[in-house]
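I opened this entry to record what I looked up, chain by chain. Overall layout comes before single residues.

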Amino acid sequence: MDKRKKSIIWLVVIVVLLCAFGYLALNGITIGRVTVKPLASAIKQGLDLTGGVSAVYEAEDKSDPNLQQNLEAVMAVFRTRLDSEGYTEATVTQQGTDRVRIEIPINESQQVDDPNEITSYLVATAKVVFTDNDGNPMFEGKDMEDVGVAVDESGQYVVTFALNEVAAETFAKITSEYVGTNKTISIKLDDEVISTAQVSSAITNGQGQITGGFDYESANRLASQIRSGVMPINMTEIEVRSISATLGEDALSNSILAGIIGVVLVMAFMIAVYKMSGVVADIALAFYILLVFFALATVPGVQITLPGIAGIVLAVGMAVDANVIIFERIREEVIAGRSLRTACDNGFKRAFSAIFDSNITTIIAAAVLLYFGAGTIQSFATTLLIGIIASFFSAVVISRGLLKLFVNINDNPTLYCRRGGKA
Amino acid sequence: MKFSSNFKYASLLSALIILAGIIAAIVSGVNFGVDFTGGTLLTLDMGGDFDTADVSSALETAGINDASVIKSGSTGSSQNQAVIRMKTFADDETENRVRQQIIDSLSDKYEEVEITTVDRVGAVASADLIRSAVLCIVIASALILIYIWIRFELMSGIAAVVMLMHDVAIMISLTIILRVQINSPFIAAVLTIIGYSINNTIVIFDRIRENGKFGQKKHQVLTEELVDMSITETLSRTINTSITTLITIVTLYVLGVDSIKEFSLPIIIGLVAGTYSSIFMAAPFWGLLSRKKKAGTK
């Protein structure tokens, strides 16, 4: 088989594979028992696309020597409280040295009607203290086990608990002492008395309950707050954002449309200016887009947000930049009288340093954003970084191989260089 | 083309734009968003066309007099969203109460009214944002300077970073003049331009590096000629790479929602400024620096 036929076959194989992977990425496939999910569904969407609530809390006392340890405890408390509210998809991350950021995505099954309700629930200290008649603490929330919710005889919601051994003993001693007297036991929640009662009978089994005029929801929340533990330090809320789900949907569909139109226009521009070389660049661009989506779906911790989409679309424009630089270089080589094959080799070789250096500077900027940015900015930096690396690979490796195949099929230089050349 | 001898005119144009930006900032102020000023931003979907006066009176009923209301919308001509900007409330209860009051008084006339976004940014968060923005820009520029110094030489690094500062200054100036709101994505836009607009400059410097080596052996080319020659030779790729990137970002601007527009417009400005400075200023400025340095060492 001659070189030309071989190259045609290779080219057909590559294009068919590209289409197949593209189809897989969009639609997924099921063969027998093996199901490949569409790539697009594996990409995590950020809050501005799904809708949701994000909040940032800052430690009040920044001179705390055990700040890091306490922040980790705070994050664990947040996590438990979020989980018990059913927000299992929510994320809790530390930001800088003294901040914690939470993000709660919403969907059909999880709605957040009022962002303030959830954020104030999260940050509450929830310190429950039982005090004796003189106001001395007997035991606290941390002594309680098996915390739950029940309805008492009068039909009120109460939080029930079982005490650990030491606390149970204290409780038994004091309640036996108070029976028949007018001495009272009080329950304090965050230093505020929520109920006071006389003792009707001694409680020796360590079982007790918290009354305080709760409804089902508030009793449940208090129970989960007690279970999650007391907040070790005070946190102040410094930023809250909430976005409705419909707004996010609009933003996503608009940006995807912009992305598709942008890609088509860039592809048309490349063919119009660089002819067959433009076709090479376009195939490489399709490959690049697949590569980026694959990376977005697989690299851990990547979230796609609105600025993130902008980063990807922007990187499409940048991805063909390297090809423009290479093709212009090849044209120069052809004009200088070299054969198309030599011109292609030289073009890739000599354009490499400029492409490499310019990619490194963009990577530097993206890395700085990644390090210092937070939230959506960080996601923009990640997608930009993925975009640059993928475009470098597709422009330098993929398009080089493709161009070789094309030249094997037809090596008339006028097909590969833009007009205006002497060749 | 005589790029080197026209350097002063190119710089004059840029200086005028930056001056206009400074004047605009002094006269009409900078349109900072809540990310920078702190405050609460409430977006209402009114379910149809509406009168901003209705929203303002609903705010007054709720006891808020210093809020601003603007119309906005993601879908072309229909502007169904009211963006209310106000100071952050003392506590959550007050905010909830006020929000409920606004919705209640509006729902008489606009049945489908609902809150789509709530952004509340504290003063601490906004002060931090400014600090980290400046830090980001300084660190990125310093690292790029060092990289180019290593790969080329010091004068190229200085020239390239001065041009980056120029591009950022033009971006900020035009953003102020056009009254585009500056929020945290603006910082990402600036950093993108810092990383990207230097690409064109590097292509030209790379050509100078190549032509310079060649020139030393064959015929001594003066820096001014070397610069002009290198810019001319790389002109078509500088323009074409900028066009492809502009195509995608302009599409985003045209079709995107408000927050995307707010982000893509500064990038468009920065791209144009970057292309302009790469062609007309970067290499001539490098030539100027190199000649000064040579004269100094003699």
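This is a predicted model: local features need pLDDT of at least 70, side-chain atom pairs count only at pLDDT 80 or more; totals for chains, interfaces and linings use all residues.

I found G270(B) in helix 10 of chain B, which runs over residues 258-297.

Buried or exposed, I asked of G270(B)? I counted 26 other C-beta atoms within 10 Å, so G270(B) is buried. The cut-off for buried is 20 or more.

Next I listed what G270(B) touches, leaving out residues up to four places away in sequence. The partners are D167(B), M171(B), A189(B), I193(B) and S197(B).

I also took one distance from G270(B). S290(B) is 20 residues away in sequence, and the C-alpha to C-alpha distance is 27 Å.

**Chain B, overall**

I counted 10 helices and 4 strands. Along the sequence I read the order as α-α-β-α-β-β-α-β-α-α-α-α-α-α.

I then checked the domain assignment. Domain 1 of chain B covers 7-33 + 125-297, and domain 2 covers 39-121. I noted that domain 1 is written in two segments, 7-33 and 125-297. The C-alpha centres of domain 1 and domain 2 of chain B lie 40 Å apart.

Buried residues make up 47% of the 298 residues in chain B. Of the contacts in chain B between residues at least 6 apart in sequence, 79% join residues at least 24 apart.

**Chain B, one helix pair**

I picked helix 1 (residues 7-28) and helix 6 (residues 154-177) of chain B. Their axes come within 8 Å and cross at roughly 45°. That angle makes helix 1 of chain B oblique to helix 6 of chain B. I logged the crossing of helix 1 and helix 6 of chain B as left-handed.

Which residues meet there, I asked of helix 1 and helix 6 of chain B? From helix 1 I wrote down S14(B), I17(B), I18(B), A20(B), G21(B), A24(B) and A25(B). From helix 6 I wrote down H166(B), A169(B), I170(B), I172(B), S173(B), L174(B), I176(B) and I177(B).

**Chain A, overall**

I turned to chain A. The secondary structure comes to 11 helices and 15 strands. The domain assignment gives three entries: domain 1 (52-114), domain 2 (128-228) and domain 3 (244-415). I looked up one separation, and the C-alpha centres of domain 1 and domain 3 of chain A lie 37 Å apart.

I repeated the radius of gyration check. Chain A has 32 Å, but a compact globule of 423 residues would have a value near 22 Å. The C-alpha atoms of chain A fill a box of roughly 110 × 55 × 35 Å along the principal axes.

Buried residues are 42% of the 423 residues in chain A. For contacts in chain A with a separation of 6 or more, 72% come from residues 24 or more positions apart.

**Chain A, one helix pair**

I looked up helix 4 (residues 67-84) and helix 7 (residues 216-228) of chain A. Their axes come within 9 Å and cross at roughly 145°. The crossing of helix 4 and helix 7 of chain A is right-handed. On the helix 4 side, I found V77(A), T80(A), R81(A) and S84(A) making the contact. On the helix 7 side, I found S224(A), Q225(A), R227(A) and S228(A).

Most residues other than glycine have a negative phi. Two entries went on my list.

D146(A) is not a glycine, yet its phi is positive at about 45°. I placed D146(A) in strand 9 of chain A, residues 144-151. I counted 10 other C-beta atoms within 10 Å, so D146(A) is exposed.

K275(A) is also a residue other than glycine, and its phi is a positive value near 50°. I placed K275(A) in helix 8 of chain A, residues 245-298. I counted 17 C-beta neighbours inside 10 Å, so K275(A) is partly exposed.

Note on methods:
Residues are numbered from 1 along each chain as its sequence is written. Chains are lettered from A and ligands numbered from 1 in the order in which they are written. Domain bounds come from an automatic or database domain assignment. Helices (H or I, at least four residues) and strands (E, at least two) are DSSP runs, numbered from the N terminus. A residue is buried if 20 or more other C-beta atoms lie within 10 Å of its own, exposed if 12 or fewer, and partly exposed in between; C-beta atoms are placed from the backbone. Two residues are in contact if their C-beta atoms, placed from the backbone, lie within 7 Å. Axes are lines fitted to C-alpha atoms, for helices over the stretch in contact, and angles run from 0 to 180 degrees between N-to-C directions. Angles under 35 degrees count as roughly parallel, over 145 as roughly antiparallel, 65 to 115 as roughly perpendicular and the rest as oblique. A crossing is left-handed if the near helix is turned anticlockwise from the far one by less than a right angle, and right-handed if clockwise. The radius of gyration is taken over C-alpha atoms; the globule rule is 2.2 Å times the number of residues to the power 0.38.
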